[in-house]
Amino acid sequence: KVVVVPSRWPEPFGRVAVEAMANGIPTLASRAGGLAEIVGDGPLGVDACRDPEAWIAALRPLLASAERRAEHGALGQERAAPFMDGAAPRAFAAMIERIAGAATPDFDRRLVAVVGGTRRATAYAFVNAQWTRRLADDPATRVLDVETAGELGRTLPDVVIHHHYGEHFAEAAFPEVGALAAVRTWDFGPYPPAWVRRIDEAVDRLLVYSRAVRRQAIASGIPAAKVRVVPLGVDDAVFTPTGPAYPLATAK
């Protein structure tokens with residue numbers, strides 16, 4: 001006969017009440033939070049929503065009178081009408097279209113983010129620059145060059161290659177989607193336990209420079225299936241048996 005929504009805290013909206021009202025069912029709801037906007041100032045709401053006596057006083061005449069229930073049902077339908085005309089879904093759809101229009105996805109190419117930068121005077125940045133150029137040669141791949149994963153913002157790469165020794169690896173921010181490859185070699189025996197935990201929890205592939213480092217990683221407790229060897233190699237356009245010679249950039 002009556003739908004009662006006696007919420008004791010401020011509901012963000014109050015969907016049960018508005019659905020009942022839209023169907024012409026007599027409704028009594030706490031006049032608090034979002035429910036107050038739905039039921040308004042009339043007889044559909046109960047102000048003292050934590051007081052059982054207030055609910056009894058509001059329910060008694062409704063249960064005793066079919067005519068009173070019909071009046072409540074009609075009033076409820078009137079109050080619910082603005083929530084049922086489709087304006088909110090249309091506004092939401094328009095907002096989604098605006099967002100999507102500003103960032104049209106490219107489903108034909110995978111997106112690879114190289115994290116660590118390419119412009120610093122560091123060994124890993126030099127390697128990143130080589131990898132980034134070679135990846136960009138693949139027409140099926142788009143490449144992002146960023147210093148940290150935080151710069152990705154809302155971008156969702158298919159693959160993230162983290163090769164950055166300038167930040168705390170155990171605390172580095174990694175995207176929650178896509179595959180994560182961490183380039184994390186180690187020259188001093190067993191891997192630090194904090195690294196092992198992070199690799200175990202968050203990393204899909206650990207890339208190292210040599211088989212010797214791979215053995216150290218596995219001996220440290222990193223699953224062998226995660227560890228891949230990626231030798232650094234040399235640029236054969238520069239390093240040739242006959243030169244050419246390049247002066248060192250130093251004043252010594």
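Predicted model: local features only at pLDDT ≥ 70, side-chain atom pairs only at ≥ 80, totals over all residues.
Colleague: Which strands form an open sheet here, and in what order?

Modeller: Three strands do, in the order E1-E2-E3, and the pairing is parallel. Strands pair if DSSP finds at least two bridges between them, and E2 (residues 27–30) and E3 pair over two bridges. Residues are numbered from 1 along each chain as its sequence is written, and side-chain values use heavy atoms, leaving out hydrogens and water.

Colleague: What makes E1 and E3 edge strands?

Modeller: Strand E1 (3–5) and strand E3 (45–46) each pair on one side only.

Colleague: Why is H3 called roughly perpendicular to H4?

Modeller: Helix H3 (residues 52–64) and helix H4 (residues 66–84) pack at about 110°, with axes 5 Å apart. Angles of 65 to 115 degrees count as roughly perpendicular, under 35 as roughly parallel, over 145 as roughly antiparallel and the rest as oblique. So H3 is roughly perpendicular to H4. The axes are lines fitted to C-alpha atoms, for helices over the stretch in contact, and angles run from 0 to 180 degrees between N-to-C directions.

Colleague: Which residues make that contact?

Modeller: Contact means heavy atoms within 4.5 Å. Pro61, Leu62, Leu63 and Ala64 of H3 meet Ala66, Arg68, Arg69 and His72 of H4.

Colleague: How do you know that Arg120 and Glu147 form a salt bridge?

Modeller: The definition asks for a side-chain nitrogen of Lys or Arg within 4 Å of a carboxyl oxygen of Asp or Glu. In this pair the closest N and O atoms are 3.0 Å apart, so it is a salt bridge. Arg120 lies in the loop between E4 and H6, and Glu147 in the loop between E5 and strand E6 (159–162), 27 residues apart.

Colleague: What makes Arg119 exposed?

Modeller: Its relative accessibility is 63%, so Arg119 counts as exposed. Asp145, its salt-bridge partner, is partly exposed at 26%.

How values were computed:
Helix = DSSP H or I, 4+ residues; strand = E, 2+ residues; numbered from the N terminus. Buried < 20%, exposed > 50% of the residue type's maximum accessible area, 1.4 Å probe, protein only.
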